[in-house]
Every structure is written in C-alpha cells, then in structure tokens.
Amino acid sequence: MDLRYGSMLTKSDLTKAQLEFAERFTLLHNICRMDMRIKVDYYLRPDREQAVLYRRGRNLEKIEAKAEELSDVYGRCDLAFILIDVGPQMETKRVTNAAPGQSLHNYALAGDVYPMRGGKLIFNDNALWERIGNVAEVCKLKWGGNWKMFQDKAHVQHPGYRWQDLIRL
C-alpha cells in the first residue's frame with residue numbers, strides 16, 4: 001500500500017496491515033532463528049512505554065513542546081497527557097525520536113530484532129545485522145539499518161505506512 005499524506009486510511013486498512021505485518025514478522029523471526037540466535041522485542045509498543053522512551057534525555061521544556069504538538073497539531077490530547085503523566089526519566093541518552101503515537105511500533109506495524117551470542121545482545125557484528133536486513137528484505141519488510149538520517153538496525157517495519165496518517169485514526 002502506498003499512502004500519501006492525508007490519504008483516507010480506515011481502521012479496517014490498519015487491521016489488514018497489522019495481520020500482514022504479523023505474518024511477515026513471524027517469517028523473519030523463523031528464518032533468522034534457523035541460522036542465528038535472536039531476541040525479538042516490541043512487536044506492539046504501548047503509548048505509555050513509548051512516552052517513557054521518548055522522555056529519556058529530554059528536558060521538561062522539550063517534553064511540554066512535544067505534548068503541545070501532539071494536542072494542537074494532531075488533536076491527540078490523550079497522547080499529550082500520557083507523555084506528561086509518565087514523569088521524568090533519569091537516563092541521559094536519547095533512545096528514540098518518536099513520541100507516543102509517532103512510531104509504527106504503536107500500531108503493531110514494527111518490531112525489533114537483535115542478534116545474540118552467548119545469551120548477550122550483539123551490537124558490533126555488522127555481518128549479523130546485514131543478515132537480518134537481508135532477511136527483512138526477503139520478507140518484504142523495511143529495515144531501519146538502511147535509513148540515512150537515523151540508522152536503527154534492530155528495527156523492521158511494514159512498508160508504505162506512516163505514523164502521520166495513523167495517528168489521526
């Protein structure tokens with residue numbers, strides 16, 4: 001599905017996409033497991049958890065500005081409330097640029113896959129990451145390791161969907 005900003009996406013379209021993603025993500029998981037140990041994470045990330053992740057490394061001024069954007073621009077006072085309500089996060093390193101409602105994880109259209117060795121996550125083995133990316137492509141998923149602005153090698157998502165369209169459902 002190729003969506004353009006402002007297209008008329010329905011909840012039944014979203015349900016169909018979620019089922020397609022679940023099938024593709026399961027296939028990715030099964031293929032990767034044949035040849036490496038992996039950890040699968042965040043098939044569906046609740047808005048509250050997204051808010052906790054987004055708040056890491058951000059000051060109150062930035063949080064309040066994002067809450068105002070969620071409310072005023074997207075008409076999502078509920079998401080603005082969640083972002084404020086989760087309270088401060090002590091971690092100083094930012095882990096996501098997506099506030100609640102601004103990630104395909106929030107719509108069950110994205111997941112994270114991490115390679116493992118000896119029971120530990122492996123971040124510095126590019127060959128393992130490339131294998132995951134290649135399998136994602138075979139499964140018709142978009143791999144975050146190919147992104148130019150912000151690489152997220154663990155991230156895979158259903159192609160053709162944007163949170164900007166989904167947040168308004």
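At 38% relative accessibility, Asp78 is partly exposed, a class lying between buried (under 20% relative accessible area) and exposed (over 50%), for a 1.4 Å probe and protein chains only. The model is predicted, so that local features require pLDDT of at least 70 and side-chain atom pairs pLDDT 80 or more, whereas totals for chains, interfaces and linings use all residues. Residues are numbered from 1 along each chain as its sequence is written, and side-chain values rest on heavy atoms, without hydrogens or water.

Asp78 is joined to Arg76 by a salt bridge with 2.7 Å between the closest N and O atoms; a salt bridge denotes a side-chain nitrogen of Lys or Arg within 4 Å of a carboxyl oxygen of Asp or Glu. Arg76 is buried at 17%. The structure holds 9 salt bridges. Another of them pairs Asp165 with Arg162 at 3.3 Å; here Asp165 is buried, at 7%, and Arg162 partly exposed, at 28%.

Helix H2 (residues 47-55) packs against helix H4 (residues 77-85) at about 55 degrees, with the axes 8 Å apart. Helices are DSSP runs of H or I with at least four residues, numbered from the N terminus. The two helices are therefore oblique to each other, the class left after angles under 35 degrees (roughly parallel), over 145 (roughly antiparallel) and 65 to 115 (roughly perpendicular). In the contact (heavy atoms within 4.5 Å), Asp47, Arg48, Ala51, Tyr54 and Arg55 of H2 meet Leu79, Ile82, Leu83, Ile84 and Asp85 of H4.

Key. Axes fitted to C-alpha atoms, helices over the stretch in contact; angles between N-to-C directions.
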